[in-house]
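Thanks for coming, everyone. Please bring up the sequence and the structure, and I will walk you through the main points.

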Amino acid sequence: MLEANNLSCIRDDRVLFSGLSFRVAAGEMVQVEGANGAGKTSLLRILAGLAQPDAGHVSWRQRSIRRERGLYHRELLYIGHQAGIASSLTPLENLAFFQAMGGGKRDEAALWRALERVGLAGYEELPASGLSAGQQRRIALARLWLSPAPLWILDEPLTAIDRQGVAQLMSLFAAHVDARGIVLLTTHQALPASNARIRKMALADRPAEAVPCSV
Ligand SMILES: Nc1ncnc2c1ncn2[C@@H]1O[C@H](COP(=O)(O)OP(=O)(O)OP(=O)(O)O)[C@@H](O)[C@H]1O
């Protein structure tokens, strides 16, 4: 369903990756591995259509994500490694905003369910800036319970999350892939045992220097 074709990414004269091709099928969970600076975030941003590759292209359901941006972004949930939440808004307001961005009507019950799932019931009136790093991260992750998107691209979703929260997320990921969804993530943590089979994909640890093109 998700297909990377011959992708290259060059940053500051360094080839982070080149000729990278792979497919991720419905029902798969993939962990992108690599050292700090290997290019994991760069790859995920390209796969999410937020950055352009230096070469190659990405397809979703056999259609170029550049040409079918609208369709792709309706089917994709991307959560970057920044929490990506408004610190002056409460958790409930942040979630209502995410829900509105999805284009649906406000569904109060779903908002409260998501808040409860991430353990933020009781904190709904506080601005996010008054919450801990892990709680702020949980607001961002609550979108996983609100979104119908089949494709989840998650950059370090487990950062700052406690052990119980990680176990809960792993169960959610397993349920998502069981329902023929896709989870593509990065994490520096060893993933705990999960029902989902996890395919690992490693990026080279030392990006090569780019060879200047001769004209
Ligand atoms: N927009 C950019 N402009 C210039 N250099 C960039 C840009 N984005 C990333 N880089 C560089 O590309 C390299 C890879 O960055 P990236 O964030 O993709 O790595 P990563 O594998 O996700 O690292 P980490 O594990 O530390 O999060 C880094 O050296 C970074 O400085």
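**Overall picture**

Buried residues make up 37% of the 215 residues in the protein. Buried means that 20 or more other C-beta atoms lie within 10 Å of a residue's own; exposed means 12 or fewer, partly exposed is in between, and the C-beta atoms are placed from the backbone.

A word on what you are looking at. This is a predicted model: local features need pLDDT of at least 70, side-chain atom pairs count only at pLDDT 80 or more, and totals for chains, interfaces and linings use all residues. Residues are numbered from 1 along each chain as its sequence is written.

How confident is the predictor? The mean pLDDT of the protein is 91, and 93% of its residues reach 70 or more. pLDDT is the predictor's confidence in each residue, from 0 to 100. Among the elements, strand β7, residues 151-155, has the highest mean, 98. Strand β10, residues 208-209, has the lowest, 63. For the complex, the predictor gives an ipTM of 0.95 and a pTM of 0.92.

Now the fold. The protein has seven helices and 10 strands. The radius of gyration is 18 Å, close to the 17 Å that the globule rule gives for 215 residues, so the protein is as compact as a globular protein of that length. That radius is taken over C-alpha atoms, and the rule is 2.2 Å times the number of residues to the power 0.38. Helices (H or I, at least four residues) and strands (E, at least two) are DSSP runs, numbered from the N terminus. Along its principal axes, the C-alpha trace spans about 60 × 35 × 30 Å.

Next, contacts. Two residues are in contact if their C-beta atoms, placed from the backbone, lie within 7 Å. Take the contacts between residues at least 6 apart in sequence: 69% join residues at least 24 apart.

**Inside the protein**

Which residues have the most contacts inside the largest nonpolar core? They are L47, A142, W152, I153, V183 and L184, in a core of 58 residues. Such a core is a set of buried Ala, Val, Leu, Ile, Met, Phe, Trp, Tyr and Cys residues joined through C-beta atoms within 7 Å. Look at A142. Leaving aside neighbours within four places in sequence, A142 is in contact with L95, A114, L115, R117 and V118.

Now helix α5, residues 133-141. Seven of its nine residues are buried. They are Q135, Q136, R137, R138, I139, A140 and L141. What covers them includes β6, α3, α6 and α7.

**Around the ligand**

Which residues are around the ligand? They are R11, D12, L16, G34, N36, G37, A38, G39, K40, T41 and S42. Near here means a C-beta atom, placed from the backbone, within 6 Å of the molecule. Helix α1, residues 40-47, gives the largest share of this shell, three residues. By type, the shell has two nonpolar, six polar and three charged residues. Ala, Val, Leu, Ile, Met, Phe, Trp, Tyr, Cys and Pro count as nonpolar, Asp, Glu, Lys and Arg as charged, and the others, Gly among them, as polar.

**Two loop residues**

Finally, two arginines. R61 lies in the loop between β4 and β5. Its phi is near 50°, a positive value in a residue other than glycine. R61 is partly exposed, because 15 other C-beta atoms lie within 10 Å. R180 lies in the loop between α7 and β8. Phi of R180 is near 70°, also positive in a residue other than glycine. R180 counts as exposed, because it has 12 C-beta neighbours inside 10 Å.
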